[in-house]
Amino acid sequence: MKNSLVSIILPTYNRAEYLGRALESVLAQTYGNWECRVIDDGSTDDTGAVLARFDDPRIHCRRQENQGVSGARNTGIAECRGEVVALLDSDDEWLPGKLETQLAYMAGHGYEICQTEEIWYRGGKRVNQPARYAKPEGWFFEAALEMCLISPSCTMFTRAAWEVMGPFDTAMPSCEDYDMWLRACLHFPVGLVREPLTLKHGGRPDQLSVCVPCADLHRIRALIKILQSRKLDEEQHQSALDSLRRKVDIYMQGCEKRGKKEEADHVWNLFCMVREGKEIPLNTLS
């Protein structure tokens with residue numbers, strides 16, 4: 001694995017201001033056996049002009065009609081050639097040793113999936129990461145039920161792992177990473193490079209975690225999907241059901257505060273159906 005071709009999947013949509021920084025961090029990597037698949041997901045800004053500045057033959061650019069971040073990532077992974085895949089969001093960046101260090105860690109410890117520690121920036125200023133976001137290592141499916149504990153720009157995984165856990169759910173406008181990593185943590189232990197080799201930039205209104213409403217509803221969808229996968233043992237099923245109940249309660253409280261009793265009742269009915277082992281069509285969860 002140490003000498004594997006790494007396919008970097010970099011989706012972007014109207015991020016011309018930050019895309020160049022992300023690509024510069026790719027070019028600065030000490031590990032050189034990589035290809036970078038940039039998927040322009042229908043940008044209407046100066047993304048094309050930014051990409052035109054980069055003539056390295058390892059960078060491959062594709063433009064498609066807007067499909068959302070899940071569709072863009074799926075496109076890049078479907079077209080890539082690497083035995084190992086690394087994700088990078090277009091507003092984040094890597095430190096130069098990221099690929100080399102992470103690939104060696106995966107090879108040395110036998111991990112199919114691995115992430116690095118990260119440094120957080122909000123509004124351009126470095127901030128401390130809250131303790132509850134501390135990254136675990138190994139098997140942590142139950143902990144991953146409560147919150148997303150894997151950061152896309154920190155992550156690298158083998159093609160074999162992708163065949164088990166992919167693709168990203170294009171019906172989810174947000175929390176698609178939470179959904180993906182639930183499947184990943186069910187099947188694989190996750191490695192952790194305890195060096196902050198990824199710089200995560202946030203605090204802007206264009207980010208999915210900010211501009212897409214009702215994130216709890218998308219997490220509920222992800223939990224129902226994993227419960228209906230029939231791949232959980234008895235203990236995992238109960239943990240997932242307990243987590244679903246907590247998220248449903250929170251979502252219902254929000255609905256009731258906004259006077260949306262019908263919506264609250266709908267979500268409660270979905271939970272009752274899952275608890276009783278009844279199958280729910282996925283289009284009901286969109």
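This is a predicted model: local features need pLDDT of at least 70, side-chain atom pairs count only at pLDDT 80 or more; totals for chains, interfaces and linings use all residues.

Most residues other than glycine have a negative phi, and most peptide bonds are trans. Is Cys175 buried or exposed? Its relative accessibility is 10%, and buried means under 20%, so Cys175 counts as buried.

Now click on Pro167, in the loop between helix H6 (159–165) and helix H7 (176–187). Look at the peptide bond leading from Gly166 to Pro167: this bond is cis, with omega near -5°.

**Stop two: aromatic rings**

Next, show the side chains of Phe157, Trp162, Phe168 and Trp181, a cluster linked by ring pairs. The model has six aromatic pairs. Zoom in on Phe157 and Trp162: their ring centres are 6.0 Å apart and their planes sit at 15°, so this pair is stacked. Both Phe157 and Trp162 are buried.

**Stop three: another positive phi**

Jump to Asn14, in the loop between strand S1 (6–12) and helix H1 (16–27). Asn14 isn't a glycine, yet its phi is positive, at about 55°. This residue is partly exposed, with a relative accessible area of 28%.

**Last stop: negative charge**

Finish on the surface by selecting Glu142, Asp233, Glu234 and Glu235, which gather in a patch of negative charge. Where is Asp233 found? Look in the loop between helix H9 (215–228) and helix H10 (234–257). Asp233 is partly exposed, with a relative accessible area of 43%.

Conventions. Residues are numbered from 1 along each chain as its sequence is written. Side-chain values use heavy atoms; hydrogens and water are left out. Patches are made of residues with over 30% relative accessible area and no salt bridge: like charges are joined within 9 Å, nonpolar side chains (Val, Leu, Ile, Met, Phe, Trp, Tyr) within 5 Å. Accessible areas come from the Shrake-Rupley method with a 1.4 Å probe; for residues, only the protein chains shown count as cover. A salt bridge is a side-chain nitrogen of Lys or Arg within 4 Å of a carboxyl oxygen of Asp or Glu. Lys and Arg count as positive and Asp and Glu as negative; His and the chain ends are not counted. The place of a charge is taken as NZ of Lys, CZ of Arg, CG of Asp or CD of Glu. Helices (H or I, at least four residues) and strands (E, at least two) are DSSP runs, numbered from the N terminus. Buried means under 20% relative accessible area, exposed over 50%, partly exposed in between (1.4 Å probe, protein chains only). Rings of Phe, Tyr and Trp (its six-membered ring) pair if their centres lie within 6.5 Å; planes under 30 degrees apart count as stacked, over 60 as edge-to-face and the rest as tilted.
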